[in-house]
Amino acid sequence: MVIVVVVFNTAVSVILLYVAWRVWQLKRLIAFIADRLIDYERCSHDLLYKAPENIYLGQQNLQNLRLSNQSLQSQIQQTRQIVSLLLLGQRTWGRYVRKPVSMSEK
């Protein structure tokens with residue numbers, strides 16, 4: 001009877017030792033994953049903690065560009081109108097101030 005109890009206790013001890021070893025391995029794996037997640041969180045925090053400020057700054061710069069673009073567009077439009085008037089004046093002037101062509105030059 002003693003042998004049966006000793007064998008049974010030994011079997012239970014071996015099984016529990018195996019379970020403890022697996023739990024220890026699982027603990028190491030969980031610790032490894034936790035360390036990686038902490039590293040990823042640090043990296044993402046370093047990259048993103050200034051994101052709202054940078055987005056706001058980008059929006060301000062974009063607004064400034066739009067305002068300067070509007071100013072430039074109006075200047076371009078005025079320049080085109082001036083050039084169109086000059087070309088119209090040149091055509092009109094050319095029609096009225098043409099040199100008469102003599103028949104001998106033809």
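Q: What makes up the secondary structure of the protein?
A: The protein has two helices and zero strands, where helices (H or I, at least four residues) and strands (E, at least two) are DSSP runs numbered from the N terminus. This is a predicted model, in which local features need pLDDT of at least 70, side-chain atom pairs count only at pLDDT 80 or more, and totals for chains, interfaces and linings use all residues. Residues are numbered from 1 along each chain as its sequence is written, and side-chain values use heavy atoms, with hydrogens and water left out.

Q: How does the radius of gyration of the protein stand against that of a compact globule of 106 residues?
A: The protein has 44 Å, whereas such a globule would have a value near 13 Å. The radius is taken over C-alpha atoms, and the globule rule is 2.2 Å times the number of residues to the power 0.38. Along its principal axes the C-alpha trace spans about 145 × 40 × 15 Å.

Q: Why does Val-6 count as partly exposed?
A: Buried means under 20% relative accessible area, exposed over 50%, and partly exposed in between (1.4 Å probe, protein chains only). Val-6 has 46% relative accessibility, so Val-6 counts as partly exposed. Its place is in helix 1, residues 2-48.

Q: Why is the pair of Tyr-18 and Trp-21 called tilted?
A: The structure holds one aromatic pair. Its ring centres are 6.1 Å apart and its planes stand at 45°, so the pair is tilted. Rings of Phe, Tyr and Trp (its six-membered ring) pair if their centres lie within 6.5 Å; planes under 30 degrees apart count as stacked, over 60 as edge-to-face and the rest as tilted.
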